[in-house]
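Take a walk through the fold below. Start at one residue, then widen the view.

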Amino acid sequence: NLPEAETAFKQLINIAPQEALGFANLGLVYIRMGDYTEAELRLKQALDIEPNDPEIQLNLAEVYFLTNRKKEAIQLLEKTLNHHPDHIRTLFKLGQNYARSDSLAVRLKGEKLLIKVVNFLPANITARLELIDLLLRNNKAHQADGYFEDLKKQVPAFPAEANEYYDKSLGYMYQGQTEEAHPFFN
């Protein structure tokens, strides 16, 4: 219940105005309510108290993305990684955004970040899928195939209807045929 959460976090802020968590959580409530102006204000208040908190920075970056300020969001995520180079959620969010670039140089930066996420959390299927897709976009079918093989090992019950697509995509990856592999992967 978002209105109740809003009231509770406002009370927390009144009781403990030097606790960043109260402002940060109130900011999250406002994100969920769709009030991005108020969310940004509260998250910035939290950052005034804890200027390098990676979770608060990540949430503020999300507000920037939601309000069509992608450049500001990416700059904030890059700043976060300067202080917290192993913050998984920031690595993933930034890697995900770099992956969507038209620039190969930027996509290669995204590739490095996503590889780092998959190495830290090999069971993270979402990160693995994002990485495979990016490797295919970067014309690296021979790298994608290993990550793709591992994916099938991770899924407890691989859907039977997906096997044909999996086999075709993997076959094309083995042959280095990126363009042919990609439609079956998606």
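**From one residue to the whole fold**

Thr90 is buried, with a relative accessible area of 0%. Here buried means under 20% relative accessible area, exposed means over 50%, and partly exposed falls in between, with a 1.4 Å probe and protein chains only. This is a predicted model: local features need pLDDT of at least 70, side-chain atom pairs count only at pLDDT 80 or more, and totals for chains, interfaces and linings use all residues. Residues are numbered from 1 along each chain as its sequence is written, and side-chain values use heavy atoms, with hydrogens and water left out.

Thr90 sits in helix α6. Helices (H or I, at least four residues) and strands (E, at least two) are DSSP runs, numbered from the N terminus. What does Thr90 contact, leaving aside its neighbours within four places in sequence? The partners are Pro54, Leu58, Leu77, Thr80 and Leu81. Contact means heavy atoms within 4.5 Å.

Now step back. The protein has eleven helices and zero strands. Its C-alpha atoms fill a box of roughly 60 × 35 × 25 Å along the principal axes. Of its 186 residues, 42% count as buried. Take the contacts between residues at least 6 apart in sequence: 47% of them join residues at least 24 apart.

Turn to helix α8, residues 125-137. Its 13 residues reach 18 Å from first C-alpha to last, close to the 18 Å expected at 1.5 Å a residue. That expected span is 1.5 Å times one less than the number of residues. At the start of α8, a side-chain oxygen of Asn124 comes to within 3.1 Å of the backbone nitrogen of Thr126. Buried residues of α8 include Ala127, Arg128, Glu130 and Asp133, along with Leu131, Ile132, Leu134, Leu135 and Leu136. Their cover includes α6 (88-99), α7 (104-120), α9 (141-154), α10 (160-174) and α11 (178-185).

How do α6 and α8 pack? Their axes lie 10 Å apart, at an angle of about 25 degrees. Axes are lines fitted to C-alpha atoms, for helices over the stretch in contact, and angles run from 0 to 180 degrees between N-to-C directions. The two helices, α6 and α8, are therefore roughly parallel to each other. Angles under 35 degrees count as roughly parallel, over 145 as roughly antiparallel, 65 to 115 as roughly perpendicular, and the rest as oblique. On the α6 side, the contact is made by Phe92, Gln96 and Ala99. On the α8 side, Thr126, Ala127, Glu130, Leu134 and Arg137 make it.

Next, look at α10 and α11. Their axes come within 8 Å and cross at roughly 160 degrees. So α10 and α11 are roughly antiparallel to each other. Tyr165, Lys168, Ser169, Tyr172 and Met173 of α10 meet Glu180, Ala181, Phe184 and Phe185 of α11.

Finish in the loops. Asn139 lies between α8 and α9. Its phi is near 60 degrees, a positive value in a residue other than glycine. Is Asn139 buried or exposed? At 56% relative accessibility, Asn139 counts as exposed. Asn68 lies in the loop between α4 (54-66) and α5 (70-83). Phi of Asn68 is near 60 degrees, again positive in a residue other than glycine. Asn68 is exposed, with a relative accessible area of 71%.

Key:
Polar contact = N/O pair within 3.5 Å; in protein donor to acceptor, adjacent residues only side chain to side chain.
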